[in-house]
Amino acid sequence: MLYIIVNPASKSGLGRKRFALLKNEFNKNHIVYEVFFTEKKYGAGKCIKTILERIDRDKTKNPVIAVLGGDGTINETVNALYPRTDVTIAYLPTGSSNDLARALKVSPDPVEFVKRYRIWMDKNKNKNENDIKNTNQVIDTDMDVILNQDLGLLTDETSPAKKKRAFAVSCGIGLDAAVCKETNNSVIKDILNRFHLGKLSYVAIAVKQILSARQTSCDITLADQSCHHFEKVLFIVTMIQPYEGGGIKMAPMADGNDGLFDVMVVSNLHPLRAFYLLPMAFFGKHVNSRCVHFFKTESLTIHTKDAMTVHIDGEYAGELNQIQLNCKKNMLSFI
């Protein structure tokens with residue numbers, strides 16, 4: 001049995017439309033599935049809980065959960081799954097930014113999705129023969145369809161319970177988080193999505209946020225216990241994957257399965273110069289700026305003088321001033 005989570009509202013209804021196409025492909029290939037539609041924000045987590053109960057009840061071997069949604073839906077999924085590592089995620093991107101899909105080179109084509117799933121099933125020695133039947137379609141069984149990826153873990157050091165949140169793409173504090181927060185609550189994004197221009201909403205809101213952005217000082221402690229102090233920090237972003245914000249190549253050298261974060265700190269940057277740096281970031285050409293500092297590390301602690309907006313995978317995570325981040329190597333598996 002393949003369990004599917006569909007966010008029908010992703011990218012102004014694209015999730016529901018793409019599932020209709022996917023359903024036709026499932027029928028052609030005789031794939032048995034059960035679908036769960038998310039009903040509201042954080043609905044994916046509720047769906048995952050129900051699915052995991054069934055997986056454990058039925059003692060399913062090598063379970064797969066398919067996810068149709070954007071980076072936000074994936075974030076809900078990995079948080080609901082953590083700390084389990086026995087579930088593989090079959091991902092069909094339907095969001096407006098799709099930064100994880102871009103990094104993993106996962107196609108939004110339902111035909112390609114079914115092809116990859118069938119390869120995985122054919123390679124799985126413990127597959128359930130009722131799940132998938134032989135067809136006349138030629139399948140390249142030599143294709144490697146499993147993508148093992150790192151998982152990030154954010155700990156709020158200021159909360160009594162040391163609350164933890166997982167992320168699959170990035171965690172940011174400062175300007176980029178403020179942009180994500182406003183974009184997610186913006187009517188502009190919904191309107192632009194209808195014209196397949198959702199990425200422009202990030203740019204428009206980024207321009208607005210740059211003009212009013214707060215700056216603060218911060219101390220960063222890396223895994224090797226080295227400490228780094230910065231003044232007038234505009235934002236800090238901790239990347240697992242190279243992209244965030246709808247294709248902005250924040251960390252061109254990031255590798256999603258090396259067990260390390262690529263950390264970027266932007267400080268002492270005049271707001272007017274930010275308008276020059278932002279378009280360069282789309283092509284990863286910002287890395288040589290004297291205002292941009294990079295580190296590679298498996299963990300870090302960030303302590304800012306003032307509480308700043310924090311995001312994980314583009315989702316609002318609070319106003320915080322002390323967080324710890326840990327990279328869990330190859331904790332996620334994607335088809």
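Here is a walk through the aromatic rings of this structure. The model is predicted, so local features need pLDDT of at least 70 and side-chain atom pairs count only at pLDDT 80 or more, while totals for chains, interfaces and linings use all residues. Residues are numbered from 1 along each chain as its sequence is written, and side-chain values use heavy atoms, leaving out hydrogens and water.

Let's begin with the rings that pair up. The structure holds eight aromatic pairs (rings of Phe, Tyr and Trp, the last by its six-membered ring, with centres within 6.5 Å; planes under 30 degrees apart are stacked, over 60 edge-to-face, and the rest tilted). One of them joins F19 and F37: their ring centres are 5.6 Å apart and their planes stand at 90°, so this pair is edge-to-face. Because F19 sits in helix α1 (residues 14–28) and F37 in strand β2 (residues 33–37), the pair ties together parts 18 residues apart in sequence. Helices (H or I, at least four residues) and strands (E, at least two) are DSSP runs, numbered from the N terminus.

How accessible are these two rings' residues? F19 has 5% relative accessibility and counts as buried, whereas F37, at 33%, counts as partly exposed (buried is under 20% relative accessible area, exposed over 50%, partly exposed in between, with a 1.4 Å probe and protein chains only).

Now meet F167 and F261, whose ring centres lie 5.9 Å apart with planes at 15°, so they are stacked. This pair links strand β6 (residues 164–167) with strand β10 (residues 261–267), and the two residues are 94 apart. Both F167 and F261 are buried.

Back at F37, ring pairs link F19, F26, Y33, F37 and F113 into a cluster.
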